[in-house]
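I opened my notebook next to the viewer today and wrote down what I looked up, one entry at a time.

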Amino acid sequence: MKHVDRFIGAVVLLARIGAGLGFAVLMGAVLVQVIGRLAGTSPVWTEELTRYALLYMVAFGAGAAMRSGDLVNVDVISEALPAPLPWLLRLLAALASAGLAIFLLSHAWRYVSIGKMQTSPALGIRMDYVHFTVWLMLVGLAVFAVLRVIGMLSGTEDGKPHRPEEE
């Protein structure tokens, strides 16, 4: 199980670094935009870069948010049920999340490939780099949902979110 824990730790670290880099780029672009406005002229590309950085931040952060419980999770009723049912509902939710994300991967890849024929107006980059965020988000959600299912079935976790302060 040490290898599984290391793998999970590496995936969580990668998601956090990706989300952090996206946030850093977003902050930098907004800073350039604000300074530009104060100076009298703001570069046109800053707004576009801000949007793309936000997309990458969400794409990397969605899986990590699923693991930490920061995504919307309505469990008031399910957690009030008798002992085996909350665990079973968490397992079914993880299976459904993984199944849906895996099902959508091929469709998202088709969306990514459409972007090869398009370029962004201000930055001039190919849009498949931007559309890739949809596919990346689905991969992150699928990976973290599958890891939750594996952890629940192996008995190493109960399917509840892993809050950073609890690790």
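Predicted model: local features only at pLDDT ≥ 70, side-chain atom pairs only at ≥ 80, totals over all residues.

**Entry 1: the overall picture**

What share of the 167 residues in the protein is buried? I found that buried residues make up 34% of them.

Next I looked up the secondary structure. The protein has four helices and zero strands, and from the N terminus the order reads α-α-α-α. I also checked the dimensions: the C-alpha trace spans about 65 × 35 × 35 Å along its principal axes. Then I looked at the contacts with a separation of 6 or more, and 70% of them are accounted for by residues 24 or more positions apart.

**Entry 2: the nonpolar core**

I went looking for the largest nonpolar core and found 17 residues in it. Met66, Ala101, Leu138, Leu141 and Phe144 are the members with the most contacts inside it. Each of α1 (2–39), α2, α3 (84–114) and α4 (128–154) supplies at least two of the core's residues. Which helix gives the largest share? That is α4, with six residues.

I clicked on Phe144 to see its partners. Setting aside neighbours within four places in sequence, Phe144 is in contact with Val11, Val12, Ala15, Gly63, Ala64, Met66 and Arg67.

**Entry 3: α2 against α4**

How are α2 and α4 packed, and at what angle? Their axes are 8 Å apart and the angle is about 5°. Angles under 35 degrees count as roughly parallel, so α2 is roughly parallel to α4.

I listed the residues that make this contact. From α2 they include Tyr52, Leu55, Tyr56, Phe60, Gly63, Met66 and Arg67. From α4 they include Tyr129, Phe132, Leu136, Met137, Leu141, Phe144 and Arg148. I was pleased to meet Met66 and Phe144 again, having noted both in the core.

**Entry 4: Thr50**

I then picked Thr50, which sits in helix α2 (residues 45–68). Is Thr50 buried or exposed? Its relative accessible area is 16%, and buried means under 20%, so Thr50 is buried. The side chain of Thr50 reaches the backbone oxygen of Thr46 at 2.7 Å. Beyond its neighbours within four places in sequence, Thr50 is in contact with Leu26, Ala29 and Val30.

**Entry 5: the salt bridges**

How many salt bridges does a search of the whole structure find? It finds three, and I went through them in turn.

Glu47 and Arg51 are four residues apart in helix α2, so about one helical turn separates them. Glu47 is partly exposed, with a relative accessible area of 42%.

Another salt bridge joins the side chains of Arg90 and Glu79, at 2.6 Å from N to O. This pair links distant parts of the chain: Arg90 is in helix α3, Glu79 is in the loop between α2 and α3, and they are 11 residues apart. Arg90 is buried at 15% relative accessible area, whereas Glu79 counts as partly exposed at 31%.

Arg126 forms a salt bridge with Asp128, with the closest N and O atoms 2.6 Å apart. Arg126 is partly exposed, with a relative accessible area of 35%. Asp128, in helix α4, is buried with a relative accessible area of 7%. Leaving out residues up to four places away in sequence, I noted that Asp128 touches Val112, Gly115 and Lys116.

**Entry 6: Asp70**

My last stop was Asp70, in the loop between α2 and α3. Asp70 counts as exposed, at 57% relative accessibility. A polar contact of 2.8 Å joins the side chains of Asp70 and Ser68. Apart from neighbours within four places in sequence, Asp70 is in contact with Ala65 and Arg163. I also looked up the C-alpha separation of Asp70 and Asp158: it is 17 Å, for residues 88 apart along the chain.

Methods. Residues numbered from 1 in each chain as written. Heavy atoms only, no water. Buried < 20%, exposed > 50% of the residue type's maximum accessible area, 1.4 Å probe, protein only. Polar contact = N/O pair within 3.5 Å; in protein donor to acceptor, adjacent residues only side chain to side chain. Contact = heavy atoms within 4.5 Å. Core = buried A, V, L, I, M, F, W, Y, C linked by side-chain atoms within 4.5 Å. Salt bridge = Lys/Arg side-chain N within 4 Å of Asp/Glu carboxyl O. Axes fitted to C-alpha atoms, helices over the stretch in contact; angles between N-to-C directions. Parallel < 35°, antiparallel > 145°, perpendicular 65-115°, else oblique.
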